[in-house]
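Please find below a colleague's notes on this structure, written for someone meeting it for the first time.

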Amino acid sequence: MNSAAFAFHTLMPDMILDALESVGLRVDSGLTALNSYENRVYQFMDEDRKRYVAKFYRPERWLPEQIQEEHDFSLTLSEAEIPVVAPLVINKQTLHYHQGYMFAVFPSMGGRQYEVDNLDHLEWVARFLGRIHQVGRQQPFVVRPTMGLDEYLYQPRRVLEESSLVPASVKPLLLPVLDELIRAVEQHWHTDWALSRLHGDCHPGNILWRDGPMFVDLDDARNGPVVQDIWMLLQGERSEQLMQLDLFVESYSEFADFDQRELALIEPLRCMRMVYYLAWVVRRWEDPAFPKSFPWIADNDFWQAQPSLFTEQAKLLQLPPLQLMPMY
C-alpha cells in the first residue's frame, strides 16, 4: 500500500478522539467532517460547549518545520489584529502529534460567504491584504517554498506525462500543446518581485464574512509575488476586472505599496494554477476521497478538451496585462 496515496487510511474516529484527548480536549458532540481534500478537517464541540476545528495534515506533504512556519505567520498576523484564523496554542505549542499524524486545533468560526460582486467587500479585503503583506514582507519564509515554475509547471508536466489517467491516445496532442503553454509562460514570468510571505490560496472560498473579512486556511502559504493573493479575487469580464483592480489597489495601498509590474504575472499565474490543479488531482487519485469528488478526471472527453483550453490560455498570455487607470 502506498502510504502517500492512502495517507489517511488509519485515521478513524477513535484515533481522532484519542488525538484530541491527548491535548486535553474531550469531544462532547459533533466530529463532523468538513469539506477538505488535501487534509482531513473535523468540527466538534467539547464538554464546555465550545466549538473547535481539528485539522489533520496529509502525511508527507509538509515537514513539521514548514507547518510551524505557517502557524507562526498566522499567529503573528493575529497578534497584529488582522482577522486570520490562527491555530490555538495548547500546552505551549500549536502543532501536535498522534500515531504518526500531525494535527492542529483551531477555533470554529462561523460566517457568511464573501460576496464576489460586492465592491465594499472587495475594498475591505484589499485593506487587510495590504496589512497581511505589510507583515509578510518583514521577513521571508525560510523552510516553506517560494513560488516558481518547477513546482507549478515542470513537475506537474511530468506527472501528467507519466499518469495512466491521461489516455494514451490523448498524450501525443496534449503534451506538445502543454509544452507550448509552458514556453509561453517562461517568456512572461519574471522573478524581480519583492519577496513576501503570502496567504497563497486567497480565493473567495477562503474568506468568511463576520462584520468584515476573516481569512482562513493558510495551508498553501509560501513566498511569492503579492499579486498571487489578488488575482483570484478579480471577477467577470476584462472591463469589470479593471474597475475592480483600481478599487482594490487604492484600498490596498493604504497599508502596503503595490508594484504595478506584478500585474504582468496574472495570466502566467493563472496558467500555473491550471496545470498544477490537474496534476494535483492526478497525484491524489488513489486517495478514496478524490474519485468521489473529481470523477471527471477519469473521463476521456475531459482530457480531449484540455489541449484546446491550454491553447486558449496561451492566447491570453499574448494580450496586454491589466493596467491601473492613469492618475491625472
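1. The buried residues of α3 pack against α2 (64-79), β6 (112-113), β7, β8, β9 and α6 (238-252), where buried means under 20% relative accessible area, exposed over 50% and partly exposed in between, with a 1.4 Å probe and protein chains only. Helices (H or I, at least four residues) and strands (E, at least two) are DSSP runs, numbered from the N terminus, and contact means heavy atoms within 4.5 Å. This is a predicted model, in which local features need pLDDT of at least 70 and side-chain atom pairs count only at pLDDT 80 or more, while totals for chains, interfaces and linings use all residues. Residues are numbered from 1 along each chain as its sequence is written, and side-chain values use heavy atoms, with hydrogens and water left out.

2. Helix α3 itself, residues 119-136, has 18 residues and reaches 25 Å from its first C-alpha to its last, close to the 26 Å expected, the expected span being 1.5 Å times one less than the number of residues. Its buried residues include Leu-122, Phe-128, Leu-129 and Ile-132, and also His-121 and His-133. At the start of α3, a side-chain oxygen of Asn-118 comes to within 2.9 Å of the backbone nitrogen of Asp-120.

3. The unreviewed UniProt entry lists Asp-201 and Asp-217 under "active site". Although they are spread over 17 residues of sequence, they cluster in space, with a largest C-alpha distance of 8.1 Å. UniProt positions are in the numbering used here, feature names are shortened, and annotations may be inferred rather than shown by experiment.

4. Asp-201 lies in the loop between β7 (196-197) and β8 (207-209), and it is buried because its relative accessible area is 11%. Leaving out residues up to four places away in sequence, Asp-201 touches Asn-206, Asp-220, Asp-229, Met-232 and Arg-273.

5. Asp-217, in the loop between β9 (213-215) and β10 (223-224), counts as partly exposed because its relative accessibility is 36%. Beyond its neighbours within four places in sequence, Asp-217 is in contact with Lys-55, His-199 and Asn-206.

6. The "binding site" annotation of the unreviewed UniProt entry covers Asn-206 and Asp-217. Asn-206 is in the loop between β7 and β8 and is buried, at 7% relative accessibility; among the residues that Asn-206 touches are Asp-201 and Asp-217.

7. How many disulfides are there? With a disulfide taken as a pair of cysteine sulfur atoms within 2.5 Å, the count is 0. Cys-202 is buried at 1% relative accessibility, and Cys-271 is buried at 0%.

Terms used: Polar contact = N/O pair within 3.5 Å; in protein donor to acceptor, adjacent residues only side chain to side chain.
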